[in-house]
Amino acid sequence: MARAAKDTRPIADQATSEAACTYAALILYEDNQDIDATKLAKIIKASNLRVEPIWTKVFEKALKGKKVGDLLHGSSGSASSAPQAQTTSTPAAAETKKAEPVKEVKKAEEPEEDVDMGGLFD
């Protein structure tokens, strides 16, 4: 019985691992696939990278139940499932809900201090 060859590729650093998982998740999203750790790992392996298994699990948990398309387009992904607040049509209720104009608050500018640089720029 032959043993599988040990993977000798170095494990990618944190930034590369995150990027690889992100791209793999986008590939799965574009292909209308569920995003899970095994599929992420398979895509990453096909790209000739090696990441620690924790990264694929983190991405699976972070994206589970989320609409990736909504995340890409800037909405929170869960806002669409939140119940809408009822609006009242009575004039009295409308007047109480009127927003007051926002007043800008300006900070008093602090004068710059002269900092002694030890003769560096003399």
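Colleague: Hi! At what angle do α2 and α3 pack, and how far apart are their axes?
Modeller: α2 and α3 pack at an angle of about 130°, and their axes are 8 Å apart. Axes here are lines fitted to C-alpha atoms, for helices over the stretch in contact, and angles run from 0 to 180 degrees between N-to-C directions. Before we go on: this is a predicted model, where local features need pLDDT of at least 70, side-chain atom pairs count only at pLDDT 80 or more, and totals for chains, interfaces and linings use all residues. Residues are numbered from 1 along each chain as its sequence is written, and side-chain values use heavy atoms, with hydrogens and water left out.

Colleague: Thanks! How are α2 and α3 oriented to each other, and why?
Modeller: That angle makes α2 and α3 oblique to each other. The classes are: under 35 degrees roughly parallel, over 145 roughly antiparallel, 65 to 115 roughly perpendicular, and the rest oblique.

Colleague: Is the crossing of α2 and α3 left-handed or right-handed?
Modeller: α2 passes α3 in a right-handed crossing. A crossing is right-handed if the near helix is turned clockwise from the far one by less than a right angle, and left-handed if anticlockwise.

Colleague: Which residues meet there?
Modeller: From α2 come A37, L40, A41 and I44, and they meet T56, K57, F59 and E60 of α3. The residues of this contact between α2 and α3 are five nonpolar, one polar and two charged. For those classes, Ala, Val, Leu, Ile, Met, Phe, Trp, Tyr, Cys and Pro count as nonpolar, Asp, Glu, Lys and Arg as charged, and the others, Gly among them, as polar.

Colleague: Stepping back, how many helices and strands does the chain have?
Modeller: There are five helices and zero strands in the chain, and along the sequence the pattern reads α-α-α-α-α. Both kinds of element are DSSP runs numbered from the N terminus, with helices (H or I) of at least four residues and strands (E) of at least two.

Colleague: How do α1 and α3 pack?
Modeller: Helix α1 (residues 14–30) packs on helix α3 (residues 53–63) at an angle of about 50°, with axes 10 Å apart. α1 and α3 are therefore oblique to each other, and their crossing is right-handed. The α1 side of the contact is Q14, S17, E18, C21, T22 and A25, while α3 brings W55, T56, F59 and L63. Contact means heavy atoms within 4.5 Å. The residues of the α1 and α3 contact divide into five nonpolar, four polar and one charged.

Colleague: T56 keeps coming up. Is T56 buried or exposed?
Modeller: T56, which lies in helix α3, is buried, with a relative accessible area of 5%. Buried means under 20% relative accessible area, exposed over 50%, and partly exposed in between, using a 1.4 Å probe and protein chains only.

Colleague: What does T56 touch?
Modeller: Not counting residues up to four places away in sequence, T56 touches C21, A37, L40, A41, I44 and V51.

Colleague: And where is V51?
Modeller: V51 sits in the loop between α2 and α3. V51 counts as buried at a relative accessible area of 13%. Beyond its neighbours within four places in sequence, V51 contacts I11, A12, S17, A20, I44 and T56. V51 and Q14 are 37 residues apart in sequence, yet 8.6 Å apart in space, C-alpha to C-alpha.

Colleague: New topic! What is the phi of N32?
Modeller: N32 has a positive phi of about 55° although it is not a glycine. N32 is in the loop between α1 and α2 and is exposed, with a relative accessible area of 72%. N48 also has a positive phi, of about 65°, and is not a glycine. N48 belongs to the loop between α2 and α3, and at 58% relative accessibility N48 counts as exposed.

Colleague: Last one: where is confidence lowest and where is it highest?
Modeller: Confidence is lowest in helix α5 (residues 91–96), at a mean of 51, and highest in helix α2 (residues 37–46), at 94. pLDDT is the predictor's confidence in each residue, from 0 to 100. The chain averages 76, and 59% of the residues score at least 70. Over residues 79–83, pLDDT stays under 50. Where pLDDT is low, the predicted coordinates should not be read in detail.
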